[in-house]
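Notebook open, structure loaded. I want to look up a few local features and jot down what I find.

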Amino acid sequence: MTSTSAGIRRAKGGAYPLARASAFLASASLLVLIPIWQPDALLHVLSPLGYLDASIAAWLTVFAVPLIALIAISDIPVLLARRRYVGDFAGVDDSLGTRMSTLTAAAQLSEYIVTFAIAGASISFLLGSMWPVLIPARTPIAICAVVAIAMLQTFQVAPRSTRGGATIVVLSFLLLLFLTAGMIGSSPYFSQTSSADLAIVTTEVGSRSPFARGIVPALGLGLGVVLAPALLLRHLTADLSYFSYPHVKHAGIAKISMSLAASMTAMLAMLNIRDVDSARFIGRRNTFYAALRTVGVEEWFLLVTTIVLIITAIASARTVLHSADKLSGELANFHLLPVHLMNDPTRMAFTPFIFTLGAIGLILVGSAQFRILVPMLAVSGFLSLTLTRWSTVKFWNAKLKNEGHFPERNKMRRARLMALGGLVISVVVLVLVVASGIFEGAWVVAGLILLLYFMLYAVRRHYLNYGVGAGETTTDDPITPGRVHYMIIAQSMGPALTRATKWIKSTRPYSIELIHVDTGGSDSEEALKKWREENLGANLTVLDAGPSRPTEAIIEHVRRTRAAHPNRLVNVVLPHVVFKTALLGRLHNTEMKHLEKTLLDEPGVLVTLVPWAD
């Protein structure tokens, strides 16, 4: 703990994030399943091309490899721009403002819900591929899968093991690589005939024939499908504990390597499926397994493959929920969700429940079909990617204006260029997917984003209106003085806090301090500025804590104070806002109530509520 002459003390609460390779690798489980579901979705959206669909699908997967790598590269300046304990959303909020940051939050939540639905649909797809008799029950199987996984996550029936997840990822990747490269076996057919097929499509598009009118939208939607795996890279660094700032470049290189491995495996799978389909038509449903059966893979080996991939799908679904948990905490920190979601126990119950409801709705709308779910992922994902890259470009532009050191300016220019490349790609793909896939499920996720936007904005507007407690004058209520140490929790520097501080000072306390928890962003700077303006005559203590542990930081500070002065009584003062309706009271005061219950179990600690009526 350090002190300054102005009476500000900064107490460190929470360990600095450390790099964890196993957790980082376990989050790549989402990438392993790409070769399983991508061929079906891609061949369906390219169905207007007729017999040329497989050849053009293979070409699109080849074309997607460098684009996915560029998107992964553009993530490095985003990671460099992150603040400590704060994810990507803080940068968007600072650079683009409230409305755009709220839209980004809505798009990210929609993206996570769609990804969770895809993970559940992958399980039903694998079961239907292994036993075709289960194909008619694909939708209920997917729903049961997401419900079961959410219950596992909520009740912690099987704790998430990062080492086990990393082992599953490596095993699944090697198994898929062995199947695609070793058992299907590519031949020179692709290089001999697919170039001619590509020339036919190019000629048709150039001629502007009626046939070309269906080709162009199909190609645009197909590009969105082959680039959708790039959106799954977000989950590799959703948890800030997976890397620390000195490891940002290492994390970026790891993401690039994983994106190349996943895209190359998907490309190899599609090339071999095209090769098998050229000799014998394999249909356009459950394509990967159909190709394996065509080349004579034994059923027992397919069963082993199915079991391993289902375990991978379960791990990927839990990865999505883990990332969603971190996102919910970050959004609650910025008052886009109720602030009591910053508590881990509350969020662990809320996040799986909400995401399961959303995933079930999307599965029912899309009938657990990847041809509908993947365009949904592309729309929501590339919208959030566009806004994130846009804010990153503005961030580095602002940095360049104030930096005079030439080597640092070169680094900033490179970071801006990488972010600009990702912005251009994401904008182009977003426009193509929205224009081409409006009838393939894009309208569903657009409505979901719009609904979430209004809900998040309503919550944020409530906290903007009532968070500072404006409109009430303070009064002094003198009582018998006591010799105790008072800690006043300062969520915001408004009249409610001023009233509580003057009320406590009227009791002539032995010592008094204001406690503000820094969970990231610029709220601490604003609190410091208002504290200086108010001149309350009490020291301000700022506790460093991540967005998921503000209550724990306060408890640890109280315990440190009690340990340093065992004979001193600590009275924690909670400014309590009284609303006219119970719903607003629960929305605003749940965090304080949780803190109050926790403090009541601490020895030598009193809790005082100072009400302020709305």
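I started with strand S5, residues 539–544, and found it mostly covered, with five of its six residues buried. This is a predicted model, so I'm reading computed values throughout. Next I checked what S5 pairs with: strand S4 (residues 511–518) runs parallel to S5, and six bridges join the two.

Then I went through backbone angles. Ala-368 has a phi near 60 degrees, which is positive although the residue isn't glycine. I placed Ala-368 in the loop between H15 and helix H16 (370–401). Buried or exposed, I wondered about Ala-368? Its relative accessible area is 0%, so I put Ala-368 down as buried.

His-335 goes on the page as well, with phi near 65 degrees, again a positive value in a non-glycine residue. His-335 sits in the loop that links helix H14 (299–333) and helix H15 (344–366). I get a relative accessible area of 32% for His-335, so that residue is partly exposed.

Last entry: the surface. Which residues form the nonpolar patch there? I listed Trp-131, Val-133, Leu-303, Ile-307 and Ile-311, with about 470 Å² of accessible area together. I followed up on Trp-131, which lies in the loop between helix H7 (98–130) and helix H8 (138–155). Trp-131 comes out at 39% relative accessibility, so I logged it as partly exposed.

Technical notes: Residues are numbered from 1 along each chain as its sequence is written. This is a predicted model: local features need pLDDT of at least 70, side-chain atom pairs count only at pLDDT 80 or more; totals for chains, interfaces and linings use all residues. Side-chain values use heavy atoms; hydrogens and water are left out. Helices (H or I, at least four residues) and strands (E, at least two) are DSSP runs, numbered from the N terminus. Buried means under 20% relative accessible area, exposed over 50%, partly exposed in between (1.4 Å probe, protein chains only). Patches are made of residues with over 30% relative accessible area and no salt bridge: like charges are joined within 9 Å, nonpolar side chains (Val, Leu, Ile, Met, Phe, Trp, Tyr) within 5 Å. Accessible areas come from the Shrake-Rupley method with a 1.4 Å probe; for residues, only the protein chains shown count as cover. A salt bridge is a side-chain nitrogen of Lys or Arg within 4 Å of a carboxyl oxygen of Asp or Glu. Two strands pair if DSSP finds at least two bridges between them.
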